[in-house]
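Please keep the sequence and the model at hand while reading.

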Amino acid sequence: MSAGVELDHVTVRFGQFTAVDDATLDIKGGEFFSFLGPSGCGKTTILRTVSGFLDPSAGKVRIGGQDMGGIGPNKRPTALIFQNLALFPLMTVADNITYGLRVRGMSKSERMKKAGELLDLIALPGQGDKLVSELSGGQKQRVAIARALAVQPKVLLLDEPLSALDLKLRQHMRTELRAIQKQVGITFIYITHDQGEALTMSDRIAVMSDGVIQQVADGKNVYDHPDTPFVASFVGENNPFAGKVVSADGDYAAVETPHGVLRGRNDKKLKTGDKAILFVRPESFRLGAGASDATLASETISSAFEGNATHVFLKGATKKDITVTVARHGGHKIPTQGETAAIHYEPAMGVVLPEGKMARE
């Protein structure tokens with residue numbers, strides 16, 4: 001059984017510092033929901049507030065429609081998986097999984113039955129007698145998930161549980177974690193700074209910066225239709241071209257940039273004279289000239305072959321280079337260092353946003 005989670009104008013302060021500023025959103029029951037953002041943006045503070053380890057300075061947290069004010073973490077219908085997993089290394093796998101059930105007074109026979117069911121769920125059948133210290137990193141992750149699920153929470157909270165794993169195992173665990181969530185059907189709230197994790201696993205994502213939720217949407221819309229320059233520059237690679245809107249016609253706007261007038265989607269309905277940033281993703285560029293208001297040329301600095309694609313770096317008019325991703329089998333000749341290369345994009349693949357703070361500034 002799952003439950004929805006509602007943040008109603010939640011603010012969390014530590015002295016004069018505001019860690020979370022007026023966060024309002026509604027997480028649906030059974031949803032895999034991720035908070036994505038850089039370190040210090042407030043995402044873990046939100047998780048600890050939902051779990052009851054922190055009280056909001058203002059606003060309310062509701063789980064399943066019930067106000068959680070005054071209800072401690074041990075009384076909430078939640079389970080929390082910490083970044084370090086907090087497994088007991090000298091206990092068996094089965095004893096780790098059923099620890100919470102033992103605290104609640106469940107008989108040993110019932111506990112072992114439950115352990116067997118959960119070991120099947122996490123694809124570790126018959127491994128209950130092993131010590132946790134004998135497991136691999138990925139197996140430990142699965143045991144931590146099973147232990148959290150054993151107490152039958154309505155909401156499972158996960159604080160960057162895959163961050164200590166190597167890349168290949170992390171990618172494998174994404175698939176397994178999503179499959180487990182779909183099978184058990186409970187609400188997962190996932191904290192991460194890894195865009196790949198958020199995009200591949202989540203039904204919806206809240207992108208955060210400096211304690212503020214910048215955008216809430218599914219992964220495709222966060223990537224293709226960012227609401228702010230921060231979201232555009234934090235989620236995936238992007239090429240920003242700052243300037244001023246010189247014309248706005250229907251769904252498109254043209255921006256005067258140091259590379260000339262460039263056009264893109266005007267999702268935010270900017271007007272002539274507004275300061276703006278046009279964003280074009282590296283994979284949206286093509287080598288060669290195209291329409292005059294979607295073409296630029298610059299000196300090639302370097303290129304990097306990466307198997308399925310080559311990344312070409314051109315000299316930008318500002319300190320930031322322009323990145324172009326060329327598919328391996330696209331039939332294009334890769335420009336050499338010092339060569340002037342023309343590149344173009346479809347205006348529908350560029351997005352014009354109001355001037356604002358970007359990531360990593």
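In strand 12, Ala 253 is the bridge partner of Ala 248. The model is predicted: local features need pLDDT of at least 70 and side-chain atom pairs count only at pLDDT 80 or more, while totals for chains, interfaces and linings use all residues. Residues are numbered from 1 along each chain as its sequence is written, and side-chain values use heavy atoms, with hydrogens and water left out.

Helices (H or I, at least four residues) and strands (E, at least two) are DSSP runs numbered from the N terminus, and two strands pair if DSSP finds at least two bridges between them. Strand 12 pairs in the antiparallel sense with strand 11 and also with strand 13. In the hairpin of strand 11 and strand 12, Gly 250 takes a positive phi near 65°. Strand 12 and strand 13 likewise form a hairpin, with 2 residues between them; here Val 255 stands opposite Leu 262 in strand 13.

| Strand | Partner | Bridges |
|---|---|---|
| Strand 11 (residues 239-249) | Strand 12 (residues 252-257) | 5 bridges |
| Strand 12 | Strand 13 (residues 260-265) | 6 bridges |
| Strand 1 (residues 5-14) | Strand 4 (residues 58-63) | 5 bridges |

An open sheet is formed by 4 strands in the order 2-1-4-5, with antiparallel pairing. Its edge strands, each pairing on one side only, are strand 2 (17-27) and strand 5 (66-67). Strands of a sheet pair through backbone hydrogen bonds, either parallel or antiparallel.

Is Val 10 buried or exposed? Val 10 counts as buried because its relative accessible area is 2%, buried meaning under 20%, exposed over 50% and partly exposed in between (1.4 Å probe, protein chains only). Contact means heavy atoms within 4.5 Å. Not counting residues up to four places away in sequence, Val 10 touches several residues, among them Val 20, Thr 49, Pro 56 and Val 61. Val 10 and Ser 57 are 47 residues apart in sequence, yet their C-alpha atoms are 7.5 Å apart in space.

Helix 1 (residues 43-51) lies across strand 1, strand 2 and strand 4 and runs at about 115° to strand 1. Such angles run from 0 to 180 degrees between N-to-C directions, with axes fitted to C-alpha atoms, for helices over the stretch in contact. Helix 1 is mostly covered, as 7 of its 9 residues are buried, including Ile 46, Leu 47 and Val 50. Just after helix 1, Gly 52 takes a positive phi of about 100°.

**A surface patch and a buried loop residue**

Phe 88, Tyr 99 and Val 103 form a nonpolar patch on the surface, with about 260 Å² of accessible area together. Patches are made of residues with over 30% relative accessible area and no salt bridge; like charges are joined within 9 Å, and nonpolar side chains (Val, Leu, Ile, Met, Phe, Trp, Tyr) within 5 Å. A salt bridge is a side-chain nitrogen of Lys or Arg within 4 Å of a carboxyl oxygen of Asp or Glu. Accessible areas come from the Shrake-Rupley method with a 1.4 Å probe, and for residues only the protein chains shown count as cover. Val 103 lies in helix 3 (residues 99-103) and is exposed, with a relative accessible area of 60%.

Thr 228 sits in the loop between helix 8 (219-224) and helix 9 (229-234). Thr 228 counts as buried at 18% relative accessibility. Leaving aside neighbours within four places in sequence, Thr 228 is in contact with Gln 214 and Leu 353.
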